[in-house]
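Please look over the notes below with the model open beside them.

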Amino acid sequence: MEVLKKLDRRKIKPKFIGTKEQKAKGQGKVVMINVAESSLDLLRSKKVLNTVQYYTALKFRRLWEKSRIGSYTANFNYVGGGNEWQSMAEDRIDAIYKLSRSHTWLGDFSFQLMYRVCVEDYNLKEISAIYQFKKGYAGDRIRESAEELKKFFDQAI
C-alpha cells in the first residue's frame, strides 16, 4: 500500500461549485478534483479531442511556454548582433515567430480559443460560458481550431 501511495502523483484538492452567495450561506457543493490534470487531458478523456488534436494542442502549449511571452522583457535591438548574443535565445525567437504565424493562419477567434484552452487551461464549460455557446458547439469549435492548427504545423515543417 505504501508503494502505491508513493507512485500516486495526483494532487487532489477541494473545489467549491456554486455562487458566492451560496458559499456564504453554506449551500452548494464541494467536489474533489485532480489539479495535476490539465483541461486538455480532461477534453481528451471526454473524447472531445482525439489523439491527434490532443497532441497538436500540447504542441501549441509547448510553443507558448518556449516563447515565454509575458515572463520578462528583452531588448530586441541586441538580438543576434554578431557575437553579442544578449538576452534572447534563438529558440525563443523562433517560438514567437511561429506563434505570430499561427495567429495569422488561424485568425483571431480560433487563436484566442486555442490560447484559452491550451495555455490558460479553460475547460469546455468555461469556454461555453464566455462565448455563450452550447457545449456541443464549443466542442466543435475547439476541434475545428485544433484541426486548423494541425494543418499549420504540418505545412510549417
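This is a predicted model: local features need pLDDT of at least 70, side-chain atom pairs count only at pLDDT 80 or more; totals for chains, interfaces and linings use all residues.

The points below go from the whole chain to single residue pairs.

1. The protein holds eight helices and two strands. Read from the N terminus, the order of elements is α-β-α-β-α-α-α-α-α-α.

2. Burial and surface. Of the 157 residues in the protein, 27% are buried. The accessible surface amounts to about 11,000 Å², and carbon and sulfur atoms contribute 52% of that area.

3. Contacts along the chain. Taking contacts with a separation of 6 or more, 53% are between residues 24 or more positions apart.

4. Charged pairs in general. Side chains of opposite charge can pair when their charged atoms come close. In this model the count of salt bridges is seven. Three of them are taken up below, among them the pair of Asp121 and Arg61.

5. Asp121 and Arg61. These two side chains form a salt bridge with an N to O distance of 2.7 Å. The partners are 60 residues apart and link distant parts of the chain. Arg61 sits in helix α4, which covers residues 51-67, while Asp121 lies in the loop between α6 (108-119) and α7 (124-131). Are the two partners buried or exposed, or partly exposed? Arg61 has a relative accessible area of 15% and is therefore buried, the limit being under 20%. Asp121, at 33%, is partly exposed.

6. Lys98 and Asp94. Here the closest N and O atoms of the salt bridge are 3.6 Å apart. Both residues belong to helix α5 (residues 90-106). Because Lys98 and Asp94 are four residues apart in that helix, about one helical turn separates them. Lys98 is partly exposed at 30% relative accessibility, and Asp94 is also partly exposed, at 37%.

7. Arg116 and Glu120. In this salt bridge the closest N and O atoms are 4.0 Å apart. The cut-off for a salt bridge is within 4 Å, a point to keep in mind when reading this pair. Arg116 counts as buried, with 17% relative accessibility. Glu120 has a relative accessible area of 34% and is partly exposed.

8. Reading the pairs together. Asp121 with Arg61 joins a loop to helix α4, whereas Lys98 with Asp94 stays within helix α5. On the arginine side, Arg61 is buried and Arg116 is buried.

Definitions and conventions. Residues are numbered from 1 along each chain as its sequence is written. Side-chain values use heavy atoms; hydrogens and water are left out. Buried means under 20% relative accessible area, exposed over 50%, partly exposed in between (1.4 Å probe, protein chains only). Contact means heavy atoms within 4.5 Å. Accessible areas come from the Shrake-Rupley method with a 1.4 Å probe; for residues, only the protein chains shown count as cover.
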